Each structure stands twice: as structure tokens, then as C-alpha cells.
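Biologist: I would like to learn how to read a two-chain model. Please take me through it feature by feature.

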Amino acid sequence: MAFQDEIIALIPQLRRFARGLCGDRALADDLVQDCIERALIKSHLYDPARPLKAWLYTVLRNGFISGVRHDKRSTVVKSIDDLGVGEGASLPEQEQGLSVKQLRDALDLLPVQQREVIVMVALEELSYREISDMTGVPVGTVMSRLSRGREALRGILERRGQPYLRRVK
Amino acid sequence: MNMKILQNWALHAYADGELDGAERNDMEQLIAASPEARQELAAIRRQKEAVKGSFSGVADEVVPAKLLAAARRPLSRRWGWAPNLAAALALLIIGGAGGWLASARVNSVAMASLPERAFSAYEVYAVEVRHPVEVPASEQDHLQAWLSKRVGAPFKVPDLADKGYTLLGGRLLADGAKPAGLLVYEDAAKKRLTIFVAGNAAGNEIPFEIERRGKLVTCFWRDKDLVYAFVGENSADDMKQLAQAAHDRFEG
């Protein structure tokens, strides 16, 4: 399969990864487009011995991180305390489980480094080692970002009156 | 092991299938013995499923046309040699024969090939036992900001700890009439590795290439804004692997 066809076959996964990283649909698709364009320009730097998917994820993630760095608005980490305690908790359907929107909103509140690790593990099923290679930080740092991020995510959901994730049946 | 440690990382590693052998057995015993650990594990797994579930539909959406178009755009030809040739022609045309010779003399240092410049920097500085660097690794943020500014484009000092190399620090070099940066790393056996970084005046991108000088091997490449050359006493394959790992991290 030609290089470009291989990229096309991976677009659905790239879109999912991008959405996990930045949440917003339009921004995520811009990230994917940027990733594809960069990948084609830099195709000579791709080592065919490595999986194309891992390389594209790295290109996409680098684009995301440099975008975050340039866009001051998104470097401001929203404070968990900005949320009303129990906000929206009165809706009865929430008792049934966690809505997609609630979880995405909660992810938006996490620092980028924690969010990306949570997404890479849960959504893309990458190993700690793969994440370490992609982000350039040691595996121990990946682990601490992950456990801190998951704790923080759980805390946010609980503050929003959503006990689902903690409740033990 | 107390519950605090469990919560911090080991249970997560277990839930993510990252433990095996003895570690995994130990964790299974702890979980079997501790209702609290079982609750935590269940909570981690539920959250992981919930995160996955919130985005799982995205991969099934119809791919936007603009993304397909981006992937199908014809690959433009890359003129790896053209900027150099154009620069040489311009010198000839502007300077005439006399000017050409003068320019060639003035630029002789800068015109040494990238591997030669990188080998020379290694030979001068990597052998320094006490003063291999100007700015130590403890001031890495400063080093990165300073060298980025001087070479004219931002780059990230790559962390190569997982490849066995610790950053010692870096220094500014005179590369002909221009500034360049040198990063120095060392492995457990005190073997040094240097990375030479300079602005890419030609703007041409070229992929990894390998060259040797005696025991030294360099793996070098050119990106749009910067040129990079790794130098060390390693095999060509090892150098390429290190360069590959660092390449992805330079942009960070």
C-alpha cells in the first residue's frame, strides 16, 4: 500500500486520538490535517522499520503540544474550584451513569500532560513504554502523570456530584 | 506496601496490563487480600472504560473530505540539492570571478560539511574531562532558551535517559561566522555523545545520513530551520536509533 493510502487508512484513529487530546471537534480535525501535511512533507524522515501509526501519533501530538504552547488561552489550566459544587447533579438521568459530555468536560479541566497520558492509555491502548518514547519523558513520569491525572479526574467528577465512578456495586 | 503507594501507581500499572512475572503475582496477592485495593482497581477500570466510551464513536464517523484531500495531495518534489546550487550560482553571478574566490575564502569554515564541523566540535570538546560544557544540565531550561535564541530557531534539548545517556550540558560554538550549539551527553561508562545544532541557511530538508571519521560516527540531518549532527563512538545503527529518538523530541 502506498504511503498516502496507509495514512488514509489511519485517519479514523488519528481523529479519535486528536479528539481525545483537545476535545473540540473542529480543532481536532485541524490537528489531524496539520499532522497529515507534516507527515507528507517529512515522509523522508519516517523510518519504515517503525509502525506508521506510532510515527503519525508522534507528529500529531507534537503539533498539539506546540499549539498549546503558542496559544496562551489553553495553557491556562482551568481551576477545579471554578466549578460549582454539585453542578448539574440534580438531573435524575445522571444516576444512571456518566454522560459522554460530563466526562469530556471533566477531561478538559486536567493539565495537558495528565490528559494526554490518560487518553493514550484508555483510548489508544498504548503501553507506558510507547508513551515514554512519544513524549520523551521517562516511564516513571508517565506513570505518575497517569495516576495523578486519574485521581484528579475522579475528584472532578465527584465534585460535580457524579459518584458513579467510585460507587462499588 | 501500603495503600498510598498502591493508589499512586502500582494498581494503575496492574490495571493497564503493565506488570508481569513476580510483580504481577505480588499485586494479585495484594488485591486478593485487600477489599480496598479491589475497590480502587474497579474504580480505575470503570474510569478507563468511561474515557474510552466517550470517544469510541469518533473512529466510526465519516472522515471529513478536507482530510482525505490533504492526504491525497500530490507529493511535491523535494529539491535537496537545489538551494545549495542556487546559492553557489548567486555567488558566481554577484561576485564575478574575483568576488567568487574571495567569498569562497571567507566562507571556508562555514562551507566545511556538516559532519566535518560536528566531528571537529566533538574532538575539541567531548574529550574535556572537567570542562566539557559551558552551561550544566542543571540549568537545562536556560540552556535550551539560550541556544535556541542564538541558533535562530527553537528546539528542545532531548532527554535521552531511556537510551542510557545523561545530559551534561551544552555550549555555544562559533561555526564560521555564525553561532551553533553543542549538547554533550554521557553514558554510565562515561562515553560521550554530542549533538551539534546550527541554523539551516539553505532551508533544504534532508533525511538521516551516516558518516565516519576514525572511531567516530555521525548521524546527521537537516530540518527546515536547523541542522543536527549526532557524534559518538557507536555503531551506525546505534547512532541512527539515538538520532531517531531525539528527532521526535527536538520538536516537542
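The dialogue below takes up confidence, fold, salt bridges, the interface and one serine.

Biologist: What are the ground rules here?

Modeller: This is a predicted model, in which local features need pLDDT of at least 70, side-chain atom pairs count only at pLDDT 80 or more, and totals for chains, interfaces and linings use all residues. Residues are numbered from 1 along each chain as its sequence is written, chains are lettered from A and ligands numbered from 1 in the order in which they are written, and side-chain values use heavy atoms, with hydrogens and water left out.

Biologist: What is the average pLDDT of chain A?

Modeller: pLDDT is the predictor's confidence in each residue, from 0 to 100. Chain A averages 80, and 76% of its residues score at least 70. Confidence in chain A is highest in helix α6 (residues 112-122), at a mean of 95. It is lowest in helix α4 (residues 72-75) of chain A, at 42. Over residues 72-96 of chain A the pLDDT is below 50. That stretch still has 27 contacts in the model beyond near neighbours in sequence. Contact means heavy atoms within 4.5 Å.

Biologist: How many helices and strands does chain A have?

Modeller: Helices (H or I, at least four residues) and strands (E, at least two) are DSSP runs, numbered from the N terminus. Chain A has eight helices and zero strands. Of its 169 residues, 50% count as buried. Buried means under 20% relative accessible area, exposed over 50%, and partly exposed in between (1.4 Å probe, protein chains only). Take the contacts in chain A with a separation of 6 or more: residues 24 or more positions apart account for 70% of them.

Biologist: How many salt bridges are there over all chains?

Modeller: Side chains of opposite charge can pair when their charged atoms come close. The rule here is a side-chain nitrogen of Lys or Arg within 4 Å of a carboxyl oxygen of Asp or Glu. It gives 23 salt bridges over all chains.

Biologist: Which residue forms a salt bridge with A:Asp29?

Modeller: A:Arg15 does, with the closest N and O atoms 2.9 Å apart. This pair links helix α1 (residues 3-22) of chain A, which holds A:Arg15, to helix α2 (residues 25-41) of chain A, which holds A:Asp29. The two residues are 14 apart in the chain.

Biologist: Are those two residues buried or exposed?

Modeller: A:Arg15 counts as buried, at 1% relative accessibility. A:Asp29 is buried too, at 7%. A:Arg15 also meets B:Glu61 in a salt bridge (3.1 Å, N to O). B:Glu61 lies in the loop between α3 (35-55) and α4 (65-72) of chain B, and A:Arg15 in helix α1 of chain A, so the pair joins two chains. B:Glu61 is partly exposed, at 24%.

Biologist: Which parts does the pair B:Glu123 and B:Arg213 tie together?

Modeller: First the distance: the closest N and O atoms of this salt bridge are 2.8 Å apart. B:Glu123 lies in helix α6 (residues 114-126) of chain B and B:Arg213 in strand β5 (residues 206-213) of chain B, so the pair ties together parts that are 90 residues apart in sequence. B:Glu123 is partly exposed at 37%, and B:Arg213 is partly exposed at 32%. Elsewhere, salt bridges that share partners join A:Arg15, A:Arg19, A:Arg25, A:Asp29 and B:Glu61 into one network.

Biologist: How much area do chain A and chain B bury between them?

Modeller: The size of an interface is often given as the accessible area lost when the parts come together. Here buried area is the accessible area (1.4 Å probe) that two parts lose on being put together, summed over both. Chain A and chain B bury about 5200 Å², 55% of it on carbon and sulfur atoms. In residues, 60 of chain A are in contact with 48 of chain B. Ten salt bridges are counted between the two chains. One of the salt bridges in the model pairs B:Asp16 with A:Arg150 (3.0 Å, N to O).

Biologist: Which element gives the largest share of the side of chain A that touches chain B?

Modeller: α2(A), with ten residues.

Biologist: Where does B:Ser148 lie?

Modeller: B:Ser148 lies in helix α7 (residues 140-151) of chain B. It is buried, at 10% relative accessibility. Its side chain reaches the backbone nitrogen of B:Phe155 at 3.1 Å. Beyond residues up to four places away in sequence, B:Ser148 touches B:Ala153, B:Pro154 and B:Phe155.

Key:
Polar contact = N/O pair within 3.5 Å; in protein donor to acceptor, adjacent residues only side chain to side chain.
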